[in-house]
Amino acid sequence: MVQIETTSSKEETTATSRKIKKAAENFKKKIASDREYGGDSSDLIYKSGIPTLRASAHRVKFKVKHRKHDPKPVDRDGNETGTTWIPQEVQEERVFAYDTKVYDIVGAVTNLLQGCDPDIVGFFETSRIDQNSSELEKPIFRLEDFRVPVSSVWRSVNGGCCEEAQKYLSNQVATNVEFIKLFDKFVVEMVLPYLKARLVACGALESDSATCAFYYQRPPTLRLQPGPGKLTVLNSFEN
């Protein structure tokens, strides 16, 4: 009688488990990809997943009842700051003009996205050359042609990696010195003076010389809308 012994080391078992887990994850991604736009089709249309890829960790969905509105927050010492509600007139959306060459926000965002990992954040599907430019000049990329990977708009439980992509994009925005510098310049030189003028116009401030402190989010949240798609983001405002 011949006896054959077979042994399986702990390392081999662990390696096998990892392969099985990886295969399951890849299978989930394939299902997500097929369900999303029919596999590797060039006609990419986002039908599911999250509606935007954000450079922040706040929730995509929220409940209005959980939002807190405090018209008089306190400072670090616990003293009231005297902050009041934003006047109704200022809450109304307005569009104002600015020099896009001096404040080239689109160019700064384009450069930021070009520096990101295409497998995580995305890539520019096409580019165009200006008719008046020479062949040696760089192509012009349009934000409308930026494509976010399908897996980056699917959560990890569904085989995607949107949590990883969100953290990655957030870090890219926060560490991009040129983008943050231009953002600060635009807010301080254009947005805040315009906002202060509106406060004066509605009587919330006595004059342009009145002291007024502003607070704004820095770094900003960059939202990538993976289009064309069927999902949208609904913004809710309360007065």
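A: N79 is partly exposed, with a relative accessible area of 43%, where buried means under 20%, exposed over 50%, and partly exposed in between (1.4 Å probe, protein chains only). This is a predicted model, in which local features need pLDDT of at least 70 and side-chain atom pairs count only at pLDDT 80 or more, while totals for chains, interfaces and linings use all residues. Residues are numbered from 1 along each chain as its sequence is written, and side-chain values use heavy atoms, with hydrogens and water left out.

Q: Where is N79 found, and which residues does N79 touch, not counting residues up to four places away in sequence?
A: N79 lies in the loop between β1 (53–54) and α2 (88–91), helices (H or I, at least four residues) and strands (E, at least two) being DSSP runs numbered from the N terminus. Setting aside residues up to four places away in sequence, N79 touches P73 and V74, a contact being heavy atoms within 4.5 Å.

Q: How many helices and strands does the protein chain have, and what pattern does the chain follow?
A: There are five helices and four strands in the protein chain, and along the sequence they follow the pattern α-β-α-α-β-β-α-α-β. Buried residues make up 26% of the 239 residues. Of the contacts between residues at least 6 apart in sequence, 68% join residues at least 24 apart.

Q: What is the mean pLDDT of the protein chain, and which elements have the lowest and the highest mean?
A: pLDDT is the predictor's confidence in each residue, from 0 to 100. The mean for the protein chain is 76, with 67% of its residues reaching 70 or more.

Q: How should I read the salt bridges, and how many does the count come to?
A: Side chains of opposite charge can pair when their charged atoms come close. The rule asks for a side-chain nitrogen of Lys or Arg within 4 Å of a carboxyl oxygen of Asp or Glu, and by this rule the count comes to four salt bridges. One of them joins E125 and R147, whose closest N and O atoms are 3.5 Å apart. That pair links distant parts of the chain, 22 residues apart, with E125 in the loop between β2 (123–124) and β3 (146–147) and R147 in strand β3. E125 is partly exposed at 39% relative accessible area, whereas R147 is buried at 12%.

Q: Which residue meets D184 in a salt bridge, and where do the two partners lie?
A: The side chains of D184 and R218 meet in a salt bridge (2.8 Å, N to O), a pair that links distant parts of the chain, with D184 in helix α5 and R218 in the loop between α5 and β4, 34 residues apart. D184 is buried, with a relative accessible area of 17%. The peptide bond from R218 to P219 is cis, with omega near 0°, and P219 is placed in the loop between α5 (177–201) and β4 (223–224).

Q: Which residues touch the most other members of the largest nonpolar core?
A: In soluble globular proteins, nonpolar side chains tend to be buried together. A nonpolar core here is a set of buried Ala, Val, Leu, Ile, Met, Phe, Trp, Tyr and Cys residues joined through side-chain atoms within 4.5 Å. Of the 25 residues in the largest core, L112, L113, V121, L169, L222 and L224 touch the most other members, and the elements that give two or more residues to this core are α3, α4 (162–175) and α5.
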